[in-house]
Amino acid sequence: MTTLTTRTVAYPADGLTMIGHLALPSGTGPRPAVLLGPEGIGLSDVERRRADALAERGYVALAFDLHGGRYLSDPEEMLARCMPLLADPDRMRAIGHAALDVLRAEPRTDPDRIAAIGYGTGGAIALELGRDGVGLRAIGTVNALTTGRPGEAARIRCPVWAGVGSEDPIMSPAQRDAFAAEMQAAGVDWRVVVYGGALHAFHHPTVDHTVRPGVGHHPVHARRAWRDILGLLDECLPLTE
C-alpha cells in the first residue's frame with residue numbers, strides 16, 4: 001500500500017463543467033491508471049473513496065462526473081437525465097472520452113495501461129468506450145449490462161467483466177442474456193457474475209434519500225464484487241509489467 005494525493009479536476013463534457021476526483025499514488029513515475037464511473041445518481045464520496053483505494057494500491061485513478069458536479073438524489077430527476085443519456089451512445093462516449101482525456105493528460109498516467117470500471121450509468125459509459133474501440137486493458141462493470149449498437153462490440157479489445165444481482169429488476173435475466181449474446185457474438189473475452197439475492201446497486205452503501213424500487217445494499221456481495229474488480233485489475237492491469 002502507498003500514500004496518495006488527491007485533487008479535483010474540472011473539464012467540459014455534455015455541455016457541462018464536470019468535476020472529477022483524481023487520486024495519485026506516491027512516487028513520480030508513470031503508473032497504470034483506472035477510469036472510474038459512478039451510478040446514475042452521480043459522483044459521490046463512495047466513488048471518491050474507491051479511487052483513493054486504487055491509488056493506495058498504486059494506480060492513478062480518476063472518478064469521473066456525470067452531472068456537472070451535481071448529485072441527483074431525486075429519483076425522478078435522475079431518470080430524466082440518465083434515461084436519454086443511456087439511449088444515446090454518442091453522448092455516453094463523449095462523456096467517457098472527455099474524462100479519459102483528463103486521465104491521459106495526467107503526467108503520472110501510463111497512457112498504454114488504462115482500465116475502465118463503472119457502476120450503473122458509469123458502467124454503461126465504460127462499455128461504450130470499449131465499443132468505440134478505445135485501447136483499454138480491461139472493462140469492469142456492476143449492474144450495467146447494457147447492449148450497444150449492432151456489431152460495435154467487435155471493437156472491444158480487452159476482457160469484460162460484469163457483475164449483477166440475481167434479484168435486480170432493472171438488469172433482468174433477459175437483459176443478461178442479451179448482453180451475453182452480444183459479447184459472445186463479438187468474440188469478446190467476457191464474464192458475467194451473478195450475485196445471489198442481490199438487488200440493483202447492491203454495491204452502494206445505503207443512502208439517506210429516496211431510491212428507485214429494486215435498489216438495495218448487500219454488504220457481503222458488495223465486498224465480493226470489489227474483490228472481483230481488484231482481481232480483474234490484477235489480471236489485466238498488473239502494477240508491474
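Salt bridges in a predicted model

R81 and D14 form a salt bridge, with 2.8 Å between the closest N and O atoms; the term means a side-chain nitrogen of Lys or Arg within 4 Å of a carboxyl oxygen of Asp or Glu. R81 sits in helix 2 (residues 75–86) and D14 in the loop between strand 1 (4–13) and strand 2 (16–25), so the pair links distant parts of the chain, 67 residues apart. Helices (H or I, at least four residues) and strands (E, at least two) are DSSP runs, numbered from the N terminus. R81 is buried at 19% relative accessibility, whereas D14, at 26%, is partly exposed. Buried means under 20% relative accessible area, exposed over 50%, and partly exposed in between (1.4 Å probe, protein chains only).

The model is predicted: local features need pLDDT of at least 70, side-chain atom pairs count only at pLDDT 80 or more, and totals for chains, interfaces and linings use all residues. Residues are numbered from 1 along each chain as its sequence is written, and side-chain values use heavy atoms, leaving out hydrogens and water.

By the salt-bridge rule the count is 17. A network of these bridges links D90, R93, E128, R131, D132, R149, E152, R155 and E182.

R93 is buried at 5%, and E128 is buried at 2%.

D90 bridges to R149, the closest N and O atoms being 3.1 Å apart. D90 is partly exposed at 46%, and R149 is partly exposed at 29%.
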